[in-house]
Amino acid sequence: MTIRAQVHHQHILAYNDDEHAHDHYNFFRSLLSSGYDQELDAMLEKTVRFFEQIQGVPVLLSMLVLLFKHRTAGETTPLPSDSLELYMTAIKLSAGGAAGAEPPEAIVWMLQTVAVANMGAERREFTSAHVAEALAASGSGADGRNGDLELWDRLLQRNSAIPLVKVLENDAIASLQGQGVFQFKHLSFQEALFAQHLVETNANSLEVWADDERYKEVVSNPFYHQSLNIGGSRLGMVLASRRPKWVLEAMDASASAAVRSLLRDNGAVTSLELKKCEELKELPELKGMTGLTSIGGSAFRGCSSLSAIELPAGL
């Protein structure tokens, strides 16, 4: 016969009760149900790691506050576990708040279409003409109708604003001539919508990822770095499905950070080779790359600041 007994210090137990610590325990048990014992550690690690990314980044903190504001008491929906999920949740909430009689999903589709066109043209500010061109080229909207431009105009006329978009210039004459000027309120909204588009379309608009030279151009172009950062492992898995063997060479700190976000928990990359990456001091992401079978012929030649690596189990 086995007997289990717990001994609690009186003051510690009282503090535990006063702070309702058991409520958190019950929350995670209800959230994970039968997978509590097996999944809790992994979920907590992923969530805490994500919260470490958020701290000190005002736009991310603002979106997290928005998310908490819209959560109902007792809601057990999991919190976002990465930047892309947080951005898209906040964007959908913002679209829903401004929708009125409009379908929120149509607003998100419209915003994403404009964002993708802007990223393709590498522009921050855009005009009414750019909006018309992008929405006309997109064909049917999320609801199957060609009404995205009309939706844009209706929102401007009714609210004098578009969700998440700053109106820089849009008087009657400018609007008539297609010269209204806009930009996303924070460039990262545009970058996140682009990252989500890449995930949803299997990165079809980045066909260059399969070509060595053009692939290097994407990685070395600072305009795309934040989109890669926000896309993280979700986007990294998509890109690795198109190109499982990665050769990364002569990256600066910004490019290195972007690529590392793509490599985090990426089980689809089968070969990784780094050359002349003097800025790279550590690569903890390597441990989570469970599909890795090779570190390339040149290994990490020229990565003079890299002192140690930890390979995934079984490599």
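**View 1. E122 lies in the loop that links helix 6 to strand 1.** Helices (H or I, at least four residues) and strands (E, at least two) are DSSP runs, numbered from the N terminus. This is a predicted model: local features need pLDDT of at least 70, side-chain atom pairs count only at pLDDT 80 or more, and totals for chains, interfaces and linings use all residues. Residues are numbered from 1 along each chain as its sequence is written, and side-chain values use heavy atoms, with hydrogens and water left out. Most residues other than glycine have a negative phi. E122 has a relative accessible area of 41% and is partly exposed. (Buried means under 20% relative accessible area, exposed over 50%, partly exposed in between, with a 1.4 Å probe and protein chains only.)

View 2. The protein chain has 315 residues, and 40% of them are buried. Take the contacts between residues at least 6 apart in sequence: 63% of these join residues at least 24 apart. (Contact means heavy atoms within 4.5 Å.)

**View 3. Three strands make an open sheet in the order 1-3-2.** The pairing is antiparallel. (Two strands pair if DSSP finds at least two bridges between them.) Strands of a sheet pair through backbone hydrogen bonds. Strand 1 (126-127) and strand 2 (165-169) are the edge strands. Each has a single partner strand, so one side of each lacks a neighbour in the sheet. Two bridges pair strand 1 with strand 3, where F126 faces F182. Four bridges join strand 2 to strand 3 (residues 181-184). Here E169 is opposite V181, and K166 is opposite Q183.

**View 4. Strand 3 is covered on both faces.** V181 and Q183 lie on one side, F182 and F184 on the other, and all are buried. Helix 6 (residues 104-121) lies across strand 1, strand 2 and strand 3. Helix 6 runs at about 95 degrees to strand 3. (Axes are lines fitted to C-alpha atoms, for helices over the stretch in contact, and angles run from 0 to 180 degrees between N-to-C directions.)

**View 5. Helix 4 packs against helix 5.** Helix 4 covers residues 58-70, and helix 5 covers residues 83-98. Their axes are 9 Å apart, at an angle of about 55 degrees. The two helices are therefore oblique to each other. (Angles under 35 degrees count as roughly parallel, over 145 as roughly antiparallel, 65 to 115 as roughly perpendicular and the rest as oblique.) Which residues of helix 5 does helix 4 meet? They are L86, Y87, T89, A90 and L93. The helix 4 side has V59, L60, M63, L64, L66, L67 and H70. This contact has ten nonpolar, two polar and no charged residues. (Ala, Val, Leu, Ile, Met, Phe, Trp, Tyr, Cys and Pro count as nonpolar, Asp, Glu, Lys and Arg as charged, and the others, Gly among them, as polar.)

**View 6. Helix 12 packs against helix 13.** Helix 12 covers residues 222-242, and helix 13 covers residues 253-263. The angle is about 30 degrees, and the axes are 6 Å apart. Helix 12 brings residues including H225, L228, G232 and L239 to the contact. Those on helix 13 include S254, A257 and L262. The contact divides into seven nonpolar, seven polar and no charged residues.

**View 7. S256 sits in helix 13.** With a relative accessible area of 7%, S256 is buried. S256 touches M251 and L280, leaving aside residues up to four places away in sequence.

**View 8. D265 lies in the loop between helix 13 and strand 5.** D265 is not a glycine, yet its phi is positive, at about 55 degrees. D265 is partly exposed, at 38% relative accessible area.

**View 9. Strand 4 and strand 5 run parallel.** Five bridges join strand 5 to strand 4 (residues 245-249). One of the bridge pairs is L248 with L274 in strand 5. Is strand 5 largely enclosed or open? Four of its five residues are buried, so strand 5 is largely enclosed by the rest of the structure. K275 belongs to strand 5 (residues 271-275). K275 is partly exposed, at 26% relative accessibility. From K275 to G302 is 27 residues in sequence, yet 5.5 Å in space, C-alpha to C-alpha.
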